[in-house]
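User: I have a model open and would like to go through it piece by piece. Can you take my questions as they come?

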Amino acid sequence: MTITTAAGDFPLLLVRVGAAVKGYVNMCPHQYLPLDYRGGQLLSKDGTKLMCSAHGAMFDSATGMGVAGEGLGCTLISVPVALVCDQILIAS
């Protein structure tokens, strides 16, 4: 699924956080590139952080807030999603 933003169209990124699912626009707010621009490994081993593969900006996977590097002061764009009967739905 593609999400349209002021910076262009980007894929939807889904992350499981505990029993919940979080949705974000797959776009680094620092350089407006997909987080997986240079590789598919975005999630830290412990699942708590997302990393931009282009320059290493780090974001909290539960909140989207920048936590390290070029991510500081930036926030991923959240997409409201809901987990209903094992299906992920775009919420309103």
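User: Where is the place of Arg38?

Analyst: Arg38 is in the loop between strand 3 and strand 4 (49–51), where strands (E, at least two residues) and helices (H or I, at least four residues) are DSSP runs numbered from the N terminus. This is a predicted model, in which local features need pLDDT of at least 70 and side-chain atom pairs count only at pLDDT 80 or more, while totals for chains, interfaces and linings use all residues. Residues are numbered from 1 along each chain as its sequence is written, and side-chain values use heavy atoms, with hydrogens and water left out.

User: Is Arg38 buried or exposed?

Analyst: Arg38 is exposed, because its relative accessible area is 62%; buried means under 20% relative accessible area, exposed over 50%, and partly exposed in between (1.4 Å probe, protein chains only).

User: And what is Arg38 in contact with?

Analyst: Leaving aside neighbours within four places in sequence, Arg38 is in contact with Ser53 and Ala54, contact meaning heavy atoms within 4.5 Å. The C-alpha atoms of Arg38 and Ser53 are separated by 5.2 Å, although the two residues are 15 apart along the chain.

User: Switching to the sheet: what is the strand order?

Analyst: The order is 1-2-3-7 in an open sheet of 4 strands with antiparallel pairing; two strands pair if DSSP finds at least two bridges between them. Strand 1 (2–5) and strand 7 (78–79) each have a single partner strand and stand at the edges, so one side of each is left without a neighbour in the sheet.

User: How many bridges join strand 1 to strand 2?

Analyst: Strand 1 and strand 2 (residues 8–17) run antiparallel and are joined by 4 bridges, with Thr4 having Asp9 as its bridge partner in strand 2. These two strands form a hairpin with 2 residues between them.

User: What about strand 2 with strand 3, and strand 3 with strand 7?

Analyst: Strand 2 and strand 3 are antiparallel, with 6 bridges, and Val17 stands opposite Ala20 in strand 3. Their hairpin has 2 residues between the strands, and Gly18 takes a positive phi near 65° there. Strand 3 (residues 20–25) is joined to strand 7 by 2 bridges, also in the antiparallel sense, and Gly23 has Val79 as its bridge partner in strand 7.

User: Back to strand 2, is Val15 buried or exposed?

Analyst: Val15, which lies in strand 2, counts as buried because its relative accessibility is 5%. Beyond neighbours within four places in sequence, its contacts include Ala20, Val21, Tyr24, Leu43 and Leu50.

User: Which residues touch the most other members in the largest nonpolar core?

Analyst: Among the 13 residues of that core, they are Leu13, Cys28, Leu35, Leu50, Cys52, Phe59 and Leu76; a nonpolar core is a set of buried Ala, Val, Leu, Ile, Met, Phe, Trp, Tyr and Cys residues joined through side-chain atoms within 4.5 Å. Another core lies apart from it and has 7 residues, among them Val21, Val25, Met27 and Val79.

User: Last one: which strand holds Leu83, and how exposed is it?

Analyst: Leu83 is in strand 8 (residues 81–84) and counts as partly exposed, because its relative accessibility is 38%. Strand 8 pairs with strand 9 (residues 87–90) in the antiparallel sense over 4 bridges, with Val81 standing opposite Ile90 in strand 9.
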